[in-house]
Structure formats: structure tokens, C-alpha cells
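Thanks for making time this morning. I would like to walk through one model with you, going from charged pairs to the sheet and then to the aromatic rings.

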Amino acid sequence: MKIGKQFQGISESEAVRALKKYGFNELEKKSQWTALTVFFRQLANVIVWILIVASIISFSIGEELNFWVINFIIGFVIIMGFVQEYKAERIMEALKKIMKPLTTVIRDGNLMSIEVREVVPGDILSLEMGDQVPADAEIVDVNNLEIDESQLTGESVSVHKHEKEMIFAGTQVVYGRCLAKVIHTGMKTKLGGIASMVQEKAEVTPLQRRMDRLGKILAVIALSVTAIILIIGVFKGVSTTQMLIVALALAVAAVPEGLPLTMTLALSFGMSKMAKQNAVIRRMMAVETLGSTTIICTDKTGTLTQNEMTVQRLFIDNKIISVSGLGYKPEGEFKNGRQKISTSKWKEFFQAALLCNNGNLREIEDESFIPVGDPTEVALITMGEKAGLLKAALEDKYKRVEEIFFTANRKMMTTIHKMAGGYKIYSKGAPEIVLEKCGHQLINGRRKKLTQKDREIILNQNKKFAQNALRVLAIAMKEEERKSIPGKDTEKELTFLGLVAMRDPARSEVPEAIRVARNAGIKVLMITGDNKETALSIAQQIGLVHAKARALTGEELEEMNDKELARELKHVRVFARTQPEHKLRIVKLLREAGEIVAMTGDGVNDAPALKKADIGVAMGIKGTDVSRQAADMILQDDNFATIIVAVEEGRRIYQNIEKFTGYLISRNFTEVILILLGIIFFDFEFLPLLAIQILFINAFDEEMPAIGLGLDKAHGNLMQSPPRPSGESLLNRGNAMIIFGVAIFMGLITFIIYISQNPWLNVEKARTMVFATIVVMVIFGTYNFRSMRESILVTRVFNNLFLFIGVSIIALITLLVMYLPSTQKIFSLTPLSIYDWLICITVALINVAYVEGLKFFRRNLGK
């Protein structure tokens with residue numbers, strides 16, 4: 001393709017002016033993360049702010065030790081959350097892949113390479129096979145151009161382009177060449193338009209909503225209890241300082257200080273575990289959201305399928321030959337039925353497929369293969385190499401001297417090759433078109449006349465292949481003994497060699513993943529840009545739908561109002577020929593219906609729906625930069641089955657969140673009840689526990705067991721039960737019964753212990769007995785909370801090493817605090833006798849039995 005005078009392009013000075021006017025050809029990132037934004041995310045927690053208020057009260061009344069201990073806890077929680085989320089964002093940065101950095105343009109009549117970001121409107125692009133299109137442009141000169149638009153449209157078949165048609169940024173030239181005048185760059189491109197749709201404010205996750213609700217409830221309780229104290233204090237004529245001391249004690253008691261830290265560690269541990277299983281989480285709170293998922297909306301191309309066209313059937317010698325192997329790795333067998341067969345007698349067929357071909361298959365060091373060119377042609381090369389032939393060797397032997405290009409009108413391609421004494425002519429294309437050019441066929445190595453009956457047999461087989469969503473090509477050839485290159489009659493009287501049928505195959509692990517999802521009560525919807533027949537065929541292969549299932553197209557969606565579509569969403573599982581706005585609409589309606597929606601995809605066209613969904617899942621290998629930016633999770637192995645593994649991990653995490661949240665709240669409300677009883681029945685100076693003692697129990701003695709519960713393994717088969725209701729609170733009826741039942745019992749029993757020690761005579765000894773009793777109940781009672789339903793006999797005691805080590809450490813720390821003279825003074829504690837310890841242990845064992853009774857009652861109620 002020569003550069004004519006009409007294609008001189010803009011000058012360098014014009015390019016400089018255009019760059020100033022339009023800016024760089026790159027996508028803006030309106031919400032690009034920084035270390036500062038990650039840090040401020042950690043402050044969006046009500047419990048942290050309650051602790052800050054408690055810290056201020058401590059400082060104002062001179063309780064310096066409380067002040068520094070509370071601030072240490074706040075700092076530790078914020079730092080841990082920051083480190084884990086910052087690490088996840090850095091992993092995301094490592095995964096990002098940008099567009100090809102250089103492209104070729106014509107400026108001042110000369111071809112030159114420039115950075116993609118420097119392309120401006122008015123530039124003339126010079127693009128060839130393998131080039132990525134850097135901007136939206138109008139074709140001004142073209143030579144048999146085909147563009148892979150799958151990243152924009154989801155359509156796996158390349159699109160033939162003509163002069164004056166548009167090509168779009170982010171797509172790729174798979175065949176031919178063109179000159180194209182740039183019309184739009186950066187955010188003005190179609191790619192930029194989609195990118196702008198995903199740069200909205202991040203959605204709040206279900207867990208964030210639950211934790212915010214819980215935090216507000218705890219804040220209300222803390223304020224209410226403080227108000228009660230003030231009323232009682234005023235009634236009893238207590239000084240302001242004393243009331244603030246008591247208020248501080250109750251604020252510390254009402255708030256589970258360990259909850260943010262335990263939550264952070266549980267989620268970060270889940271993030272690390274998922275990363276090892278090839279699922280990188282970008283936002284910490286999104287870890288648990290996966291476990292809440294009720295519907296997965298997935299693209300087809302590259303997600304359920306491999307995005308690698310693969311030859312699966314041949315029709316040669318009136319026989320159907322199956323071809324094994326998936327993807328572009330040239331390994332597989334040819335079988336007639338179950339019998340493996342030799343392909344040597346069909347050498348001419350495979351030669352034609354390899355020589356009438358402009359694709360390439362490049363092997364790299366790790367024994368993987370990179371396709372170059374149109375996926376259909378690369379599939380033919382893979383098939384030929386499975387048959388033992390190499391394209392490069394054949395091209396050396398039969399030099400190509402001419403090519404008649406494929407066009408949308410011709411629907412076939414022909415190449416002419418030099419051989420000894422003449423020329424070989426090979427053709428491939430749409431079966432009905434190629435057959436019209438054929439007068440003979442090759443049967444069992446012999447050339448015979450092609451009759452009308454033969455044509456009907458071939459076309460009937462073509463129809464059967466097509467009905468199974470296979471893309472079918474016919475292969476033909478002829479030889480001419482002549483000195484000059486064949487002319488206008490080149491494509492006449494061809495000899496039919498056979499049919500080749502291929503498809504973008506489903507991933508082998510997908511059927512099992514869909515079965516597991518179905519058992520877990522999770523619906524899977526396929527939303528693709530491909531045609532209806534192909535989409536339904538793949539859906540049936542992977543077990544997503546039955547044989548008589550129907551699909552809806554994008555056009556059909558547009559004819560429906562929201563109410564009609566919402567009704568169809570209850571039944572239809574396959575959506576074909578969709579556009580980005582259709583996917584967004586589907587996700588929006590599903591969420592309005594109360595579903596927790598996960599959206600998977602790898603193309604630019606998936607990005608808006610990825611952002612809108614409760615959890616967006618992008619592909620790390622084949623995914624585009626825009627889709628990864630929009631997603632909450634990136635699959636490093638592009639494996640749909642990894643999503644199901646992540647869902648199970650999300651359910652385990654939520655199960656553990658219920659455990660340690662219930663455990664911590666029950667302990668804290670024990671202290672609230674205890675303090676309130678002390679205020680009501682005693683003077684303010686005879687509180688059953690001091691603020692510093694409560695803080696020690698909450699921050700240290702309770703924290704280690706809570707972390708052990710947060711890292712606990714799953715109990716029961718999590719993937720055999722339906723997703724929990726989207727609006728369900730952490731404090732649902734069953735959990736609330738356990739939590740408040742335990743808190744009331746422990747509060748009463750420890751108050752009885754306090755009274756029994758006669759605090760009027762020795763308040764320090766009475767407080768020490770209360771302190772020790774609560775700690776022992778923490779140690780023993782933790783094992784009750786390994787399940788909010790199942791008996792301790794089922795969950796067992798010694799199969800959580802971290803929990804066992806944790807309770808052992810707090811036992812040791814408590815003994816040190818109680819028996820070292822320096823810490824005795826700080827915490828106002830006194831040594832206990834063996835008899836005292838026996839009382840504490842007995843009470844703790846009674847509490848264990850009581851909790852098991854509550855759980856037995858819950859199981860029988862079915863709550």
C-alpha cells in the first residue's frame with residue numbers, strides 16, 4: 001500500500017498544536033488511588049471514632065494510661081488496615097497492562113513511530129496485522145482489513161472493515177493493512193466513553209452496610225447508657241469528674257475495641273489466602289461480599305470459554321472426524337468414532353489449511369503458544385501441526401506468488417503457490433460459496449466428479465455443524481501445469497477437500513464450577529455479545545441451561561420495559577448480542593430486586609457492569625486495563641472456577657465474622673450490665689470494674705481469642721446452603737438470642753461474685769475476683785463461639801492451633817498482670833488464692849454449659 005499525495009498527514013507543528021488543544025491520548029483516572037486515600041479509608045469506621053471520643057475523655061480527666069492504651073489500639077487497627085489494602089493496590093498495579101506504547105503515523109508525508117499517548121486528531125495511522133488501534137479513526141485506504149473487536153463487543157469473530165468505516169481504540173488488526181485518519185483520542189474515544197462510565201463512586205459493600213449498622217447500634221447504646229449514668233449521677237449528687245470516669249468505663253465497656261482489628265486481620269488473611277488461589281482482591285471489604293453473592297453475571301468470551309478458536313470436527317471422505325485438544329497448543333488426536341486414525345492420506349487437506357493462511361503460531365520458552373493474526377486461521381495452523389505438518393516448512397517448499405483476498409462479499413480466500421512444473425491453488429471460505437466453485441471432490445485420495453447429491457450431503461453436514469454453534473469453513477484446491485501465474489479462472493473447477501468446523505471451546509473446569517454454584521443457591525447468567533445460537537450452545541455444553549432453554553437478545557431487551565425485563569430475569573439465563581448499556585441495565589435491575597450481584601468479564605465492554613455490580617471480577621491475563629480498574633477482584637489465572645473457590649472463602653470469612661462479632665459483643669455487654677448493676681446498687685466509687693481493667697480485658701484478653709475465631713476453618717459444607725438474605729443483620733434473631741443471653745447470664749453471675757466478696761470491706765479484692773472470673777470465662781467460653789449453632793462436641797477444642805495458642809497466651813499474660821507487683825499497682829489488682837481460682841473456674845464451666853444449652857435450644861427452634 002503506497003502513500004499517495006492525499007495521505008501526507010499533518011505536520012509536526014500541527015501535531016504540537018493539536019496536542020495542546022486535545023491533550024494526551026490516554027484515559028483519565030478520576031479516582032486513582034494514593035497512599036493517602038488508602039489511609040483515609042481506615043477512618044471510615046464508627047467504632048474507631050467511638051474509641052477516639054473515649055481517648056479524648058481519658059485525656060480530659062487525666063487518665064493518661066487509658067489515653068495511651070486506647071490510642072495504641074486505634075493506631076494499630078489503622079496501620080494494619082492500611083498495610084493490607086496498600087499491598088492489594090500494589091498487586092493491582094503490577095497486574096496492569098497498558099496499550100502498545102508505540103504506533104506508526106504519517107506526518108509530513110513520512111512514516112514515523114511515535115508514542116501512543118502523542119497521537120492527535122488529524123494524524124494518519126498506518127496499521128498492519130498485529131497492531132493495536134491507538135485511537136478512534138476513519139479508514140481512508142484499506143487492503144483486506146479485519147479487526148478483532150472482541151474486547152469492545154464480546155464478539156469472538158473478527159470484523160471485516162471497508163473504506164470510510166470507523167476503527168476503535170483498544171481493538172486489534174488481525175488481518176490486512178490500512179491507513180486511517182484519527183477522529184477522537186483519549187476520553188473522547190469509544191473506549192474512553194466506557195472508561196468514564198466506570199469512574200463513579202465505589203459502591204458500598206454488604207459487609208460495610210452491616211458493620212456500619214452495627215457500629216451505629218453500638219454508638220446509640222453507648223450514648224444511651226452514658227445518658228442513664230448522667231441521670232443517676234445527678235440524682236445521687238455525684239461530681240462531674242466521677243461521672244466522666246464512670247462514663248469512660250461504660251464507653252469502653254460498650255464498644256468492642258478489638259472488633260476493627262479482628263475484622264481487619266480476618267479480611268486481610270482472607271485476601272492473602274485468595275491471592276494464593278489466584279484471586280487478587282482490590283478492596284478489603286469486598287472479600288466477604290463474594291460470600292453473599294446470589295447471582296454471577298458472566299461474559300462468555302474468555303470467561304466461560306477460552307477465547308481460543310479450536311478445530312473440533314472435520315468432514316473428509318464423507319466421514320466425520322473428531323479432533324481432540326483445546327486452545328492453540330498443537331497437541332491432539334484425530335478419531336473416527338472411538339478409533340484413532342492416521343491423517344497421512346489427507347495431506348493435501350492439511351496443506352491447504354496451512355498455506356491458504358495468513359496467521360501464525362509462535363512458541364515461547366514456557367511451552368505456551370502465542371497466536372498471531374485471525375483466531376480462525378491460527379486454529380487451522382494448530383490443526384495442521386497436530387497432523388504433523390509445519391506451516392514454515394510448507395511455505396519454503398511452496399512459495400506463495402499471489403493471493404486473492406477474502407472480502408465480506410466474496411466470503412472466500414485463495415492463494416497461489418509455485419510447485420515443480422506449475423502451481424498449486426488453495427481456497428477456503430464459506431461452504432456454500434466454495435462449493436459453487438468446485439467441480440470435483442477428493443474421496444479416498446481419488447478425484448471424482450462432484451454430483452448434486454454430493455453437494456447436498458456436504459451442505460447438510462455444514463448445516464448440522466452450524467446448528468451446534470460450530471463455525472464451518474470449506475477447503476478446496478487444484479493444480480495447474482503452466483508457466484505463467486493462473487489468472488481470472490483461478491477459482492473455477494476447484495476440487496473440494498473437506499469441511500473444518502471449529503468453536504471457541506468452553507473451559508474444562510466451568511461445568512463443575514457451575515454445578516457447585518447451583519448447589520450453593522447461586523444463579524449464573526451468561527451475558528455476551530455473541531449470537532444467540534453460539535451462546536445457547538456453549539450454555540448447554542457447560543450445564544448452564546437445558547436443551548430447550550431460550551435466550552434473549554439485546555434487541556429484545558430494548559423492546560421491554562424494566563418491569564417486563566425484571567420478570568424475565570427470574571427465568572432466562574442467557575443473554576446474547578448485548579451492548580454495555582444492556583449489561584448495566586441487567587445488573588441494576590437485579591440489585592433493585594435485592595440480589596447480591598457478581599459480574600465477571602475481561603473486555604472493555606464489561607467494565608461499566610463490573611463497576612455497578614456488588615463485586616466486579618476481571619481477568620488478570622486477558623483482561624483489559626479498563627476492566628481491571630473497574631473490578632473489585634482480579635483472577636490471575638482467568639479461571640471461572642476460581643470465582644467459586646473465592647465464594648466459598650467469602651462464606652467462611654462471614655461465618656467467622658459472625659463468630660467473633662457475637663463473641664466480642666457478648667463480652668462487652670457483660671461488662672455494660674455489670675457496671676450498670678454496680679451503679680444502681682452501689683455508690684459510684686464502688687464500680688465492679690475500673691476502666692483500665694475493662695480496657696485490658698477488651699484489648700488484650702479478648703483480642704487473641706477473637707483473632708483465633710476470625711482465622712478459624714469453616715464448619716459444615718458451606719457450598720451446600722443458599723446465600724444468606726441480603727438484608728440479614730449480623731445480629732439476626734438466632735445470633736442475638738445467643739449473644740444477649742450469654743451477656744445477661746455472665747453479667748449477673750459476675751455481679752453475684754462481686755457481692756459475695758463484700759466490696760465494702762475490700763473493693764480491690766472484689767474487683768480482682770470479677771476480673772479473674774471474666775478472664776477465665778473468656779478462655780473457656782471462646783470455644784462455645786466456634787459455632788453459633790453447633791455443639792462444642794462437634795467443633796471440638798484442639799483443632800484450631802491459633803486459638804489454643806491465643807488462650808494460652810492470655811492465661812499467661814493475666815497471671816503476670818495479677819502477680820507482678822508493678823502491674824498489680826497499675827491495674828489495681830491483688831493476688832488470689834487457689835480457692836479463689838477454683839470459684840472462678842467453676843463459674844466459667846457453668847457458663848460453658850449454659851451457652852451449650854442456648855445453642856441446643858436454638859437448633860431445636862430452627863433459628
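Let me begin with a question: which side chain meets that of Glu480 in a salt bridge? The partner is Lys478, with 3.0 Å from N to O, and both Glu480 and Lys478 are buried. Please keep in mind throughout that this is a predicted model.

A search of the whole structure finds 31 salt bridges, and I will pick out a few of them. Asp299 forms one with Lys583, where the closest N and O atoms are 3.9 Å apart; that value falls inside the criterion, since a side-chain nitrogen has to be within 4 Å of a carboxyl oxygen. This pair links distant parts of the chain, given that Asp299 sits in the loop between strand E9 (295-298) and helix H11 (300-304), while Lys583 belongs to helix H21 (residues 580-592), 284 residues apart. Asp299 has a relative accessibility of 1% and therefore counts as buried, and Lys583, at 1%, counts as buried too.

Helix H21 also supplies Arg591, whose salt bridge with Asp614 has its closest N and O atoms 3.2 Å apart. Asp614 lies in the loop between helix H22 (607-612) and strand E27 (615-619), so the pair ties together parts that are 23 residues apart in sequence. Both Arg591 and Asp614 are buried.

Eight strands form an open sheet of mixed pairing, and their order is E8-E28-E27-E26-E9-E23-E25-E24. At the edges are strand E8 (279-281) and strand E24 (551-553), each of which pairs on one side only. On average, and with direction ignored, neighbouring strands are turned by 20° against each other. Within the sheet, E27 and strand E28 (residues 633-635) run parallel and are joined by three bridges, with Met619 standing opposite Leu635 in E28.

Which helices pack on this sheet? One is helix H18 (residues 532-541), which touches strand E23 (523-527), E24 and strand E25 (574-576), and whose direction makes about 155° with that of E25. Another is H21, the helix that holds Lys583; H21 touches E9, E23, E25 and strand E26 (597-601), and its direction makes about 160° with that of E26.

Finally, the rings. The structure holds twelve aromatic pairs. In one of them, Phe334 and Phe350 have ring centres 5.4 Å apart and planes at 70°, so the pair is edge-to-face. Here Phe334 is in strand E12 (residues 334-336) and Phe350 in helix H12 (residues 347-355), 16 residues apart. Phe334 is buried, with a relative accessible area of 4%, and Phe350 is buried at 1%.

Phe682 and Tyr754 also form an edge-to-face pair, 5.5 Å centre to centre with 80° between the planes. Phe682 lies in the loop between helix H24 (640-681) and helix H25 (691-701), and Tyr754 in helix H27 (residues 733-756), so this pair ties together parts that are 72 residues apart in sequence.

I will end with two cases of a charge over a ring: Arg117 lies over the face of Phe24, at 3.7 Å from the ring centre, and the charged end of Lys190 sits over the ring of Phe168, 4.9 Å from its centre.

Methods:
Residues are numbered from 1 along each chain as its sequence is written. Side-chain values use heavy atoms; hydrogens and water are left out. Rings of Phe, Tyr and Trp (its six-membered ring) pair if their centres lie within 6.5 Å; planes under 30 degrees apart count as stacked, over 60 as edge-to-face and the rest as tilted. Helices (H or I, at least four residues) and strands (E, at least two) are DSSP runs, numbered from the N terminus. Buried means under 20% relative accessible area, exposed over 50%, partly exposed in between (1.4 Å probe, protein chains only). A charge sits over a ring if NZ of Lys or CZ of Arg is within 6 Å of the ring centre and within 35 degrees of the ring normal. Two strands pair if DSSP finds at least two bridges between them. Axes are lines fitted to C-alpha atoms, for helices over the stretch in contact, and angles run from 0 to 180 degrees between N-to-C directions. Contact means heavy atoms within 4.5 Å.
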